[in-house]
Amino acid sequence: MPLTRSKSLPATENGGSDSGRSVAGILYKWTNYGKGWRSRWFLLRDGILSYSKIRKPENVNLLSPSDDVRLIGDISTDRFSRMKSCSGRSRRKHHKTIGIVHLKVSSYRESKSDHRKFYIFTATKTLHLRTDSRSDRAAWLQALAATRGIVPLQSISGEFSFVSPKDLSISTERLKKRLLEEGTNESLVKECEQIVDSEFSEAQEQIKLLHEERTKLLDALRQLEMANLEAETSGIHDNVYQLRNHKYSSLRRGKYSECSTSASSDDKKEFEDISEEDEASFHDTKESFSEPDVGSVYTHFKRRTKLPDPAEKERGVSLWSMIKDNVGKDLTRVCLPVYFNEPISSLQKCFEDLEYSYLLDQAYECGKSGNSLLRALNVAAFAVSGYASTEGRHCKPFNPLLGETYEADFPEKGIRFFSEKVSHHPTVIACHCEGKGWKFSGDTNLRSKFWGRSIQLEPVGILTLEFDDGEIFQWSKVTTTIYNILLGKLYCDHHGIMQIRGNRQYSCTLKFKEQSILDRNPHQVNGFVEDVTGKKAATVFGKWNDSLYYVAGDELNKASASLLWKATKPPPNVTRYNLTSFAMTLNELTPGLEEKLPPTDSRLRPDQRHLENGEYEKANEEKQRLERRQRMSRQIQESGWRPRWFEPQGESESYKYTGGYWEARDDKSWDDCPNIFGEFTEEVVDCA
């Protein structure tokens, strides 16, 4: 077997002298924080990079005797020599490939901080790889560059010249002539012609099916290539090596949650991606869905990734002084200092439920294509995903003032959201969101009890999701309890039954399992989707803080499960509030936004803004001032006050969006919106 080893590949004009050979060797691949870097056997052949686990070198048949392979690295040569020396004493087993990367739709880049590391980017994941030396990394990078001589230079997005079934034809003239020459009568000749035509028609149908399958495959490859190009164009610089020159490299930019190719995220995020084959469970699941990008019609701008640095040092607060007189009381009526708050309001907290709005986009498309079951499953995943942001969040949001509002215009997600505090007693917040083919609305009345060692939150209200084709889903949230208020580590848990009722074929039931003291597998969610006859169509399982999977039918076979939703990773800039990356953007005043907002928007609330800036003394002063107005809210409401953008529905406590907010925003027409955060006197009540 012709095996060689060299420390580098001579670069040539056509991609290197070894462009036609296979390249192999041992690389270290980052798996997860539990297992760290693991050695893998990598083989680069015909534009495809495959890798497999290494158990014992003497028991793994890595290469066949006929392979023309160049080994990279001393450790690769050493292990392969040990394998050859042991081949006569032990039985060699063929290795199992656990990962394949098509370099046609991939790119790669070297690490700037470590001369042994480099990355390979695909449309769905990032491989973090490490060699033993700088020269070995250079050899691998040159081997990847040499694939230009293997992979066709024509873009997948180009035109293909394969024959369509309708262009195929057959002539029986020669057969007919030969049969007549042999004296065959005309009726028999016609019968033979019919047989040939029948056989050809069947073959033509088979070719048609193959043609359709190939067209679908090419479409899928085009989408993968375009997705990879969008990831590349989001910030590739000098040290990024593209495997080929794409003629579509200037097309629309996309958003990717699993990998980043920007230089700034080179090493900060290098451990964020977890390899599928090394996860503790569900490593064989089919991850069918990912967050889609948004079209180029939207203007992209960068939102912040961290909160402002605190202006002053935070002081401690005595819990005992707060607890002794408030056990059993409604938490919304307890005056807590600003140190117990996080710098967002309950109005903004409602919008956090829309972080994974792409699930509703997918649900809309599934129903549009006739897959009602997959629509219901995506709706269920969306209902669960809203709880992921609560992990590690122990501070309470600001209680909005009566009439306080919040808007969220996120063109990169294709959604516009609006919420308003419509009632002070009982406290009710109403919201309305419009997406691509769907509308989401609801009103929540959060009843809370403070029991000394825990806080229990009982949400009252119905959330409604309506698609443009008329299908509607409705559900209510489950109970939330925050434990260990006095001693131990604070944590929250969600528990109860969630019924997602659909008005057509499918509904869903989800059970949030309550965590026990000895529970080693918390945050569990289990459930099923059933049709109108009560027959189970799919089983759902997962964790509300991590991911959700489903299996078609009523039997739970986790090995064949498909991923519905996966929570985004924690941000690199962690705050004491444990805000997610998405939550950090909610109170941001982007350039030019303040002049468009009404005076009732939560971003303009002074105590909340001071807290975000770390100005704790000012925040406390403003919070006490505004709570004087809050105490007058019931009197204001009873004096005939009505919400500006929502109206009550009959005798019920539900509210419906009346419209007009975004039109008023365009005209900057806020004359009927009071400055609720400004100075006020007792006359404000009479005026209201």
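Is His523 buried or exposed in this predicted model, and what is its relative accessible area? His523 has a relative accessible area of 11%, and therefore counts as buried, the term being applied under 20% relative accessible area, with exposed meaning over 50% and partly exposed the range in between (1.4 Å probe, protein chains only). The structure is a predicted model, in which local features need pLDDT of at least 70 and side-chain atom pairs count only at pLDDT 80 or more, whereas totals for chains, interfaces and linings use all residues. Residues are numbered from 1 along each chain as its sequence is written, and side-chain values use heavy atoms, with hydrogens and water left out.

The mean pLDDT, the predictor's confidence in each residue on a scale from 0 to 100, is 78 for the protein, and 72% of its residues reach 70 or more. Where pLDDT is low, the predicted coordinates should not be read in detail.

The secondary structure comes to 13 helices and 31 strands, these being DSSP runs numbered from the N terminus (H or I, at least four residues, for helices; E, at least two, for strands). Of the 688 residues of the protein, 49% count as buried, and among contacts between residues at least 6 apart in sequence, 62% join residues at least 24 apart.

A nonpolar core is defined here as a set of buried Ala, Val, Leu, Ile, Met, Phe, Trp, Tyr and Cys residues joined through side-chain atoms within 4.5 Å. The largest such core has 64 residues, of which Phe351, Trp438, Phe440, Trp475, Ile500, Leu510 and Trp565 touch the most other members. Its largest share, 10 residues, comes from helix H8 (residues 372–385). A second, separate core of 19 residues includes Ile72, Leu103, Phe118 and Ala139. When residues up to four places away in sequence are not counted, the contacts of Trp475 include Val379, Phe382, Ala383, Phe440, Met498 and Ile500.

Strand E17 is mostly covered, with 9 of its 10 residues buried, and it pairs with strands on either hand, pairing being assigned if DSSP finds at least two bridges between two strands. Strand E16 (residues 405–410) runs antiparallel to E17 and is joined to it by 6 bridges, with Ala408 standing opposite Phe417 of E17. In the hairpin of E16 and E17, which has 4 residues between the strands, Gly414 takes a positive phi near 75°. Strand E18 (residues 427–434) also pairs with E17 in the antiparallel sense, over 8 bridges, and Phe417 stands opposite Cys433 in E18. The hairpin that E17 and E18 form has 2 residues between the strands. Pro426 has its place in the loop between E17 and E18, and the peptide bond from His425 to Pro426 is cis, with omega near 0°. His424, which is found in strand E17, is buried, with a relative accessible area of 17%. Leaving aside neighbours within four places in sequence, His424 is in contact with Leu402, Gln630, Ser633, Arg634 and Gln637.

Helix H10 (residues 616–631) has 16 residues and reaches 22 Å from its first C-alpha to its last, close to the 22 Å expected at 1.5 Å a residue, the expected span being 1.5 Å times one less than the number of residues. The buried residues of H10, among them Tyr616, Ala619, Leu626 and Gln630, pack against strand E14 (341–345), strand E15 (396–398), strand E17 (415–424), helix H9 (606–612) and helix H11 (633–638).

A search of the whole structure finds 0 disulfides, a disulfide being a pair of cysteine sulfur atoms within 2.5 Å. For Cys431, which is in no disulfide, the nearest cysteine sulfur is that of Cys350, 5.2 Å away. Cys431 counts as buried at 6% relative accessibility, and Cys673 is buried with a relative accessible area of 9%.

Most residues other than glycine have a negative phi, and most peptide bonds are trans. His523, in the loop between strand E25 (506–512) and strand E26 (524–531), has a positive phi near 70°. Asn578 likewise has a positive phi, of about 55°, although it is not a glycine, and lies in the loop between strand E29 (562–566) and H9. Asn578 is partly exposed, with a relative accessible area of 31%, whereas His523 is buried.

Methods:
Contact = heavy atoms within 4.5 Å.
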